[in-house]
Amino acid sequence: MMYSLARALLFRLDPEKAHDLSLKSLNLLHRAGVLNARQKRHDRDDSLELMGLRFANPVGLAAGLDKNADHLDALGALGFGFVEVGTVTLKAQPGNPRPRMFRVPQHQAIINRMGFNNAGVDHLIANIRKSRYNGVIGINIGKNLTTPVEQAVDDYLTCLVKVHPHAHYITVNISSPNTPGLRNLQFGEHLDALLGALREECSRLDRQKGKPVPLAVKIAPDMTPEEVGLVAQALSANAIDVVIATNTTVSREAISGLPHAQEQGGLSGGPVFEASNRVIHELRRHLPDMPIVGVGGIDSGEKAKAKREAGADLIQLYTGFIYRGPGLIDECIHALRDDKK
């Protein structure tokens with residue numbers, strides 16, 4: 001009820017302003033100790049082990065909400081089993097011009113063309129070092145807008161080296177539609193070259209650390225079954241540890257004719273749910289043993305269960321969390337708990 005009232009007020013604001021205000025307010029609530037009660041509500045053991053990591057529960061926060069880890073402690077206090085921060089790039093960049101975020105409430109959806117706006121990898125690392133959050137932290141890395149696709153591997157490798165000591169797992173984002181040419185890295189020689197270089201460097205860093213940091217790849221929903229099969233083959237050939245499916249979609253079929261439908265950017269929320277599930281199902285067929293994180297259109301406990309049924313081991317929330325609030329975390333945890341019985 002309280003979140004419904006807050007959302008009614010926030011949704012009167014520009015989406016990006018509402019986003020920033022919500023996160024700043026969450027920080028204030030956390031510092032005031034208001035979120036302590038939520039942390040205590042998650043004492044029940046819903047933990048699971050995957051990729052050599054212990055997750056408090058299978059419901060995580062997807063990358064994109066907290067690009068700079070500015071709100072890590074507050075978000076972690078809401079009861080997520082893990083939090084993925086980023087996408088972060090080597091150098092700070094402002095992203096695309098505003099307005100760049102649009103609501104489609106008829107489908108509990110959002111269109112964004114943020115363009116990897118972030119304060120740079122060193123800023124994110126400084127925030128993680130200060131954080132008291134003791135859950136699993138994923139760090140999502142990307143390339144700078146000004147870096148040519150042909151040189152993208154250099155950006156990814158440098159970011160990988162920087163974040164490796166501070167991440168429980170690292171996600172390679174090659175599927176955002178808002179950085180020109182980025183999705184080209186999902187296919188063929190580009191993909192093999194990138195994943196091969198990252199796997200080699202991550203393994204070297206793992207040996208130095210004496211402990212492996214799982215390497216994840218986040219892929220798009222806008223692929224045919226044949227294309228998913230080729231991506232799965234590349235993931236397996238390069239010993240990638242986990243795949244996150246999926247990012248936002250460029251399709252507008254589900255929202256055709258609605259306000260903002262023609263805006264450029266990635267569409268998230270309800271319209272991507274089925275496309276995401278199809279990709280997860282196809283990945284599971286090709287990669288029976290690889291951990292899969294399912295994300296896209298989860299706005300209820302039932303949809304969390306559907307992600308698991310499609311083949312996901314863990315789930316992540318983003319747009320559904322914006323529309324439903326912290327109550328969705330609890331609902332999904334309970335639904336997945338009951339699903340195991």
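Tutor: Buried means under 20% relative accessible area, exposed over 50%, and partly exposed in between, with a 1.4 Å probe and protein chains only. The model is predicted, so local features need pLDDT of at least 70 and side-chain atom pairs count only at pLDDT 80 or more, while totals for chains, interfaces and linings use all residues. Residues are numbered from 1 along each chain as its sequence is written, and side-chain values use heavy atoms, with hydrogens and water left out.

Student: Is asparagine 277 buried or exposed?

Tutor: Asparagine 277 lies in helix α9; helices (H or I, at least four residues) and strands (E, at least two) are DSSP runs, numbered from the N terminus. Contact means heavy atoms within 4.5 Å, and asparagine 277 touches Ala306, Lys307 and Ala310, not counting residues up to four places away in sequence. Because its relative accessible area is 10%, asparagine 277 is buried.

Student: How are the axes of α9 and α10 oriented to each other, roughly parallel or roughly antiparallel?

Tutor: Axes are lines fitted to C-alpha atoms, for helices over the stretch in contact, and angles run from 0 to 180 degrees between N-to-C directions. The axes of α9 (residues 273–286) and α10 (residues 301–310) come within 8 Å and cross at roughly 30°. Angles under 35 degrees count as roughly parallel, over 145 as roughly antiparallel, 65 to 115 as roughly perpendicular and the rest as oblique. The crossing angle therefore makes α9 and α10 roughly parallel.

Student: Which residues make the contact of α9 with α10, and how many of each class are there?

Tutor: From α9 come Phe273, Ser276, Asn277, Ile280, His281 and Arg284, and from α10 come Lys303, Ala306, Lys307 and Ala310. Ala, Val, Leu, Ile, Met, Phe, Trp, Tyr, Cys and Pro count as nonpolar, Asp, Glu, Lys and Arg as charged, and the others, Gly among them, as polar. By class, the contact has four nonpolar, three polar and three charged residues.

Student: Which side chain of opposite charge is nearest to lysine 218?

Tutor: Lysine 218 lies in strand β9 (residues 215–219) and touches residues including Asn140, Thr171, Ile244 and Val295. Lys and Arg count as positive and Asp and Glu as negative, with His and the chain ends not counted; a salt bridge is a side-chain nitrogen of Lys or Arg within 4 Å of a carboxyl oxygen of Asp or Glu. Lysine 218 is buried yet has no salt bridge, and at 5.3 Å the nearest side chain of opposite charge is glutamate 84.

Student: Where is proline 214, and what is its relative accessibility?

Tutor: Proline 214 is in the loop between α7 (188–209) and β9. Its contacts beyond four places in sequence are Met51, Leu53, His168, Tyr169, Ile170 and Asp241. Proline 214 counts as buried because its relative accessibility is 6%.

Student: What is the phi of phenylalanine 116?

Tutor: Most residues other than glycine have a negative phi, and most peptide bonds are trans. Phenylalanine 116 lies in the loop between β6 (109–112) and α5 (121–130), and it counts as buried at 4% relative accessibility. Its phi is positive, near 55°.

Student: What is the omega of the peptide bond from arginine 98 to proline 99?

Tutor: Proline 99 lies in the loop between β4 and β5 (101–104). The peptide bond from arginine 98 to proline 99 is cis, with omega near -5°.
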